[in-house]
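Let's take a walk through a protein fold together. Have a look at the sequence and the structure first, and then we'll go through the pieces.

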Amino acid sequence: MSAIQNCLAQGMFRHCKTTARLMRNAKEVALKTQPPTTALAAVTANMSTGVTMNDDVVDPLQLEAIFERKRSLRSKIRKDLKNMDPIQRSREDNLIQDIVLKSSWFKASKSLCAYISCAALREVDTSRIVSEILSNQTKEGNTQIRKKLYVPRVDDKHSNMRMLKISSVHNLVASSMNILEPALVDSDGNQCEDVLQASEPVDLLLVPGIAFDRSGRRLGRSGGYYDVFIKKYQKLIQERKWKQPLLVALSYSLQIVEEPIPVSPHDVPVDALVSPCGFIPISPVALERCD
């Protein structure tokens, strides 16, 4: 195991506590079930940094019924993840990361956002992916380049999250909730670049979740952080006329459900899933880029 992987495995995935409960009631709003087209293109133009409710869309009884469906599904999947055999979990972690690392869409990416996985949250491991990005350079013509990596930093309890660039695991610090996040300045004292202020777009976003269906609907932890961030990035893409990045969720086998996941207008669907069974393209964007 490399020094970076050892650091990630021992330090980054040991001390995590979920922030989901902070926004449990605020995030699930004005819900309706709708099939996604492309992940980012399906996001509405409302770019509020907070989560708002449209009282004209769904009556309170219907809203509460969907809340309960979400709560029930989260509870079930969390129990399944807790009871997952450690050997099976490790096997699926390796298979999923192998698929990502060997894929043409990952190899072709020059800049990406990815989450730092938490063992306590039972997220699909990303330590090898992060290690690969930070350790290795790729060749473009006669030039050696390294992929740019942006990782999440939660700013507050109101679904505000940034993606900041790191070049080393030493750029990561423990948050107040013992979650490793990028520091505001790197080890050299330079301000860490915010992806929303970058001069070039990202090609790829790797996201976690609690459950997913085969239409690309994603059930998060109810905090709304990824949905709000992606809406902000969608606005930036529209303003700068950039190409849509590929939004890919990493999922254990048991996290993919057959029944449609209830969603709200602010919920962002994914373009594709990566499970131990392989890459599952969903949107036209993913179908264009699949191997």
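Helices here are DSSP runs of at least four residues in state H or I, strands are runs of at least two in state E, and both are numbered from the N terminus. Counted that way, the chain has eight helices and 14 strands. Keep in mind that this is a predicted model. Of the chain's 291 residues, 51% count as buried. If you take the contacts between residues at least 6 apart in sequence, 75% of them join residues at least 24 apart.

**The seven-stranded sheet**

Start with the open sheet of seven strands, which has mixed pairing and runs in the order β5-β4-β1-β8-β11-β13-β14. Which strands stand at its edges? They are β5 and β14, and each has a single partner strand, so one side of each is left without a neighbour in the sheet. On average, neighbouring strands in this sheet are turned by 25 degrees against each other, ignoring direction.

Now zoom in on one end of that order. Strand β4 (residues 148–154) and strand β5 (residues 161–166) run antiparallel and are joined by six bridges. Across this pairing, Val151 stands opposite Leu164, while Tyr150 faces Lys165. The two strands form a hairpin with six residues between them, and there Ser159 takes a positive phi near 70 degrees.

Helix α4 (residues 86–102) lies across β8, β11, β13 and β14, and it runs at about 130 degrees to β13. Helix α6 (residues 127–135) packs on the sheet too, touching β1, β4, β5, β8 and β11. The direction of α6 makes about 130 degrees with that of β4.

**A three-stranded sheet**

There is also an open sheet of three strands, β10-β9-β12, again with mixed pairing. Its edges are β10 (218–219) and β12 (256–257), each with a single partner strand, so one side of each has no neighbour in the sheet. Strand β9 (residues 211–213) pairs with β10 in the antiparallel sense over two bridges, and Phe212 stands opposite Arg218.

Helix α3 (residues 60–82) has 23 residues. From its first C-alpha to its last it reaches 33 Å, close to the 33 Å expected at 1.5 Å a residue. Its buried residues include Leu63, Ile66, Phe67 and Lys70, and Arg74 is buried as well.

**Rings that pair up**

How many aromatic pairs are there? The count comes to two, and here they are:

| Pair | Centre to centre | Angle between planes | Type |
|---|---|---|---|
| Trp105 and Phe279 | 5.1 Å | 35 degrees | tilted |
| Phe229 and Tyr233 | 6.2 Å | 25 degrees | stacked |

Why does the Trp105 and Phe279 pair tie together parts that are 174 residues apart in sequence? It does so because Trp105 lies in helix α5 (residues 104–108) and Phe279 in strand β14 (residues 278–281). Both Trp105 and Phe279 are buried.

The charged end of Lys147 sits over the ring of Phe106, 4.9 Å from the ring's centre.

Technical notes
Residues are numbered from 1 along each chain as its sequence is written. This is a predicted model: local features need pLDDT of at least 70, side-chain atom pairs count only at pLDDT 80 or more; totals for chains, interfaces and linings use all residues. Side-chain values use heavy atoms; hydrogens and water are left out. Rings of Phe, Tyr and Trp (its six-membered ring) pair if their centres lie within 6.5 Å; planes under 30 degrees apart count as stacked, over 60 as edge-to-face and the rest as tilted. Buried means under 20% relative accessible area, exposed over 50%, partly exposed in between (1.4 Å probe, protein chains only). A charge sits over a ring if NZ of Lys or CZ of Arg is within 6 Å of the ring centre and within 35 degrees of the ring normal. Two strands pair if DSSP finds at least two bridges between them. Axes are lines fitted to C-alpha atoms, for helices over the stretch in contact, and angles run from 0 to 180 degrees between N-to-C directions. Contact means heavy atoms within 4.5 Å. The expected span of a helix is 1.5 Å times one less than its number of residues.
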